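Trainee: I am new to this structure and would like to learn how to read it. Please show me one feature at a time.

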Amino acid sequence: MSEPSLFSSYDLGSVRLANRVVMAPLTRNRAGAGLVPTDLMAEYYGQRASAGLIITEASQVSQQGQGYQDTPGIYTDAQVAGWRKVTDAVHAKGGRIVLQLWHVGRVSHVDLQENGAAPVAPSAIRAETKTVVNNGFVDVSEPRALALDEIPGIVDDFRRAAANAIAAGFDGVEVHGANGYLLDQFAKDGANHRTDAYGGAIESRARLMVEVTAAVAKEVGAERTGIRLSPVSPANGIATSDPQPLFEHIVERLDALGIAYIHVVEGATGGPRDVAPFDYGALRSRFSGTYIANNGFDRTLAEAHLAEGKAHLIAFGRPFIANPDLVARLRDGLPLAQIDPQTLYGGGAKGYTDYPVAAAADAREHAA
């Protein structure tokens, strides 16, 4: 049997992927009024449908879950209808797409919360990070600790959002358990100082992440459910004293649920892969489903990871912004276009849907 390649097909549960290149979630802050996905967003994702799998930008499961201006939601009928345009555009080009489900927790601002309420968190510990509000970067607000009787409502918000995603035509969902957002906050002791059933021991801190994933899997099917993890990333001011045993336990619990995949940020999100010691092989050995590796990959490193059995699929993030034809460029060895940093967050078509495909790749696609 030949070694797997980035460009070989792959069966993710019951979904056949054309290749092993995954488009990672990329926040672009371009949702319309009511935080509804727009026709421009449908065009953007449709342009990138050659990815084996697209994982959308994170989408809040409730208004409380929002942490940045102009990010889309998946909790109203209008948002579901907007996302349906996106899934239709991707499926029309033969692509596969899942929706990332998001609650930011303490990484938010009172201006984004209903009636100016404080953001919620496992504990009332302010994150050392910024967010985007009123067209500018500002410090996040002081959070309040969630009451014990509020936590079932968080789980149900994720469950309903997952059902909405399937109603919008997605091939599956990804629970956002990474990058210092709510589920990651509960898991890591730098943000979680609780003394109840959701704090203290590893098993208790991991509880909300597992309960949310279990509820989502029960609602839409384990074969349609994945989760993103970032064991050692310091994103959004998050930290923990025990990443290795914590995430080995989490992955064992996730494996017992039979979910389709874990999507692991190896190292610091968007930064060095070696930010802290961690044995990712220990996670792979504890999970019987698909392992998606993420962070800092080029074709050489990606192919090596696949050949060495370190991953089944490889996620690429920022390269997809300026290269809608990233799969073809990687396959043909073509240079990658560079992003315009001024248009990353917010705005319109400029720096969003106006990046061209490479001439050689375009010719090859039309000849196929």
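Mentor: Start with burial: a residue is buried under 20% relative accessible area, exposed over 50%, and partly exposed in between, using a 1.4 Å probe and protein chains only. The model is predicted, so local features need pLDDT of at least 70 and side-chain atom pairs count only at pLDDT 80 or more, while totals for chains, interfaces and linings use all residues. Residues are numbered from 1 along each chain as its sequence is written, and side-chain values use heavy atoms, with hydrogens and water left out.

Trainee: Is Leu35 buried or exposed?

Mentor: Leu35 has a relative accessible area of 15%, so Leu35 is buried. Leu35 is found in the loop between strand 3 (21–23) and helix 1. Helices (H or I, at least four residues) and strands (E, at least two) are DSSP runs, numbered from the N terminus.

Trainee: What is there to read in the backbone angle phi of Leu35?

Mentor: Most residues other than glycine have a negative phi. Leu35 has a positive phi, near 55 degrees. Asn179, in the loop between strand 10 and helix 4, also has a positive value, near 60 degrees. Asn179 counts as buried because its relative accessibility is 7%.

Trainee: How do I read a helix, taking helix 2 as the case?

Mentor: Check its length before its sides. The expected span is 1.5 Å times one less than the number of residues. Helix 2 (residues 77–92) has 16 residues and reaches 22 Å from its first C-alpha to its last, close to the expected 22 Å.

Trainee: Which residues of helix 2 are buried?

Mentor: An α-helix has 3.6 residues a turn, so residues three or four places apart point the same way. In helix 2 the buried residues are Gln79, Val80, Gly82, Trp83, Val86, Thr87 and Val90. They lie on the same side of helix 2 because they cover an arc of only 165 degrees around the axis, taken from the directions from the helix axis to the C-beta atoms. The face turned away from that buried side carries the exposed residues Asp77 and Ala92. The buried residues pack against helix 1 (39–47), strand 4 (53–60), strand 5 (97–102) and helix 3 (151–167), where contact means heavy atoms within 4.5 Å. Just after helix 2, Gly94 takes a positive phi of about 85 degrees.

Trainee: Where does Lys188 lie?

Mentor: Lys188 is in the loop between helix 4 (182–187) and helix 5 (202–205). Lys188 counts as buried because its relative accessibility is 1%. Beyond its neighbours within four places in sequence, Lys188 has contacts that include Arg205, Ser230, Ile238 and Phe247.

Trainee: How much space lies in the largest pocket?

Mentor: Rolling a probe the size of a water molecule over the atoms shows where empty space is left. On a 1 Å grid over the protein atoms alone, a cavity is a set of points where a 1.4 Å probe fits but cannot get out; a pocket is an open set with protein on both sides within 12 Å along at least five of seven lines, and lining residues have an atom within 4 Å of a point. Grid points are joined across faces, edges and corners, and a volume is the space filled by probe spheres set on the points. The largest pocket holds about 930 Å³. Of its 37 lining residues, Pro25, Leu26, Thr269, Arg318 and Tyr345 are the closest to its centre. Strand 7 gives the most to this lining, with three residues.
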